[in-house]
Amino acid sequence: MIDLDAIQARADAASPAPWWTSPDYSNTGINYGHGNNRQQIGKMHGTGDAAFVIAARADVPALVAELRAAREVYAELGPILEPLRVMHGRHLGTDHLPCGWCRLISAYDKAMGASDGHKDAAVW
Ligand SMILES: [Zn+2]
């Protein structure tokens with residue numbers, strides 16, 4: 001499972017947002033702050049790289065927050081999914097192809113860092 005605390009710590013240790021460059025990316029220097037407080041913190045070799053790094057400064061904390069919220073929802077789903085897992089497991093045969101329930105349980109297990117639910121289906 002991805003360590004969100006480590007990712008957030010790296011984001012928190014970076015220069016403060018927002019990061020910016022020239023609007024047309026003609027200068028791929030990456031900056032933060034404005035006026036006398038402006039500091040160049042890097043220079044990229046391509047406009048795509050500069051756009052990615054600048055956006056990452058805001059995207060990474062946003063993704064961490066969104067994934068934390070999703071994990072909270074998943075954690076609440078656990079007790080709800082458990083009876084489904086048991087009930088579905090009783091109906092599994094050796095020729096069972098992954099169905100919607102298998103995919104749901106598998107997605108839940110992956111999100112929670114557990115083993116793949118469908119691979120474990122044979123032992124339910
Ligand atoms: Zn299934």
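User: Okay, so two strands count as paired if DSSP finds at least two bridges between them. With that in mind, which strands form a hairpin here?
Analyst: Keep in mind that this is a predicted model. The hairpin is made by E2 and E3, and 6 residues sit between them.

User: How many bridges join E2 to E3?
Analyst: There are 4 bridges between E2 and E3 (residues 39-43), and the two strands run antiparallel. To find one on screen, go to isoleucine 30, whose bridge partner in E3 is glycine 42.

User: And E1, how many bridges join it to E2?
Analyst: E1 (residues 19-20) is linked to E2 (residues 29-32) by 2 bridges, again with the strands antiparallel. Here you can look for tryptophan 20, which stands opposite asparagine 31 in E2.

User: Let's zoom out. How many helices and strands are in the chain?
Analyst: The protein chain has 3 helices and 3 strands. Their order along the sequence is α-β-β-β-α-α.

User: Now the helices. At what angle do H1 and H2 pack?
Analyst: H1 (residues 4-13) and H2 (residues 47-90) pack at about 155 degrees, and their axes are 10 Å apart.

User: Why call them roughly antiparallel?
Analyst: Angles over 145 degrees count as roughly antiparallel, and therefore H1 and H2 get that label. Their crossing is left-handed.

User: Which residues make that contact?
Analyst: From H1 you have Leu4, Ile7, Gln8 and Ala11, and from H2 there are Val60, Pro61, Val64, Leu67 and Arg68. By type, that contact has 7 nonpolar residues, 1 polar and 1 charged.

User: What about H2 and H3, at what angle do they pack?
Analyst: H2 and H3 (residues 100-111) pack at about 140 degrees, with axes 10 Å apart. That angle makes H2 oblique to H3. The crossing of H2 and H3 is left-handed.

User: Which residues of H3 does H2 meet?
Analyst: H3 brings Trp101, Ile105, Tyr108 and Ala111, and the H2 residues meeting them include Arg71, Tyr74 and Leu77. The contact of H2 with H3 divides into 8 nonpolar, 1 polar and 2 charged residues.

User: Last one: what share of the chain's residues is buried?
Analyst: Buried residues come to 6% of the 124 in the protein chain. A residue counts as buried here if 20 or more other C-beta atoms lie within 10 Å of its own.

Note on methods: Residues numbered from 1 in each chain as written. Predicted model: local features only at pLDDT ≥ 70, side-chain atom pairs only at ≥ 80, totals over all residues. Axes fitted to C-alpha atoms, helices over the stretch in contact; angles between N-to-C directions. Parallel < 35°, antiparallel > 145°, perpendicular 65-115°, else oblique. Left-handed = near helix turned anticlockwise from the far one by under 90°. Contact = placed C-beta atoms within 7 Å. Nonpolar A, V, L, I, M, F, W, Y, C, P; charged D, E, K, R; others polar. Buried ≥ 20, exposed ≤ 12 C-beta atoms within 10 Å, placed from the backbone.
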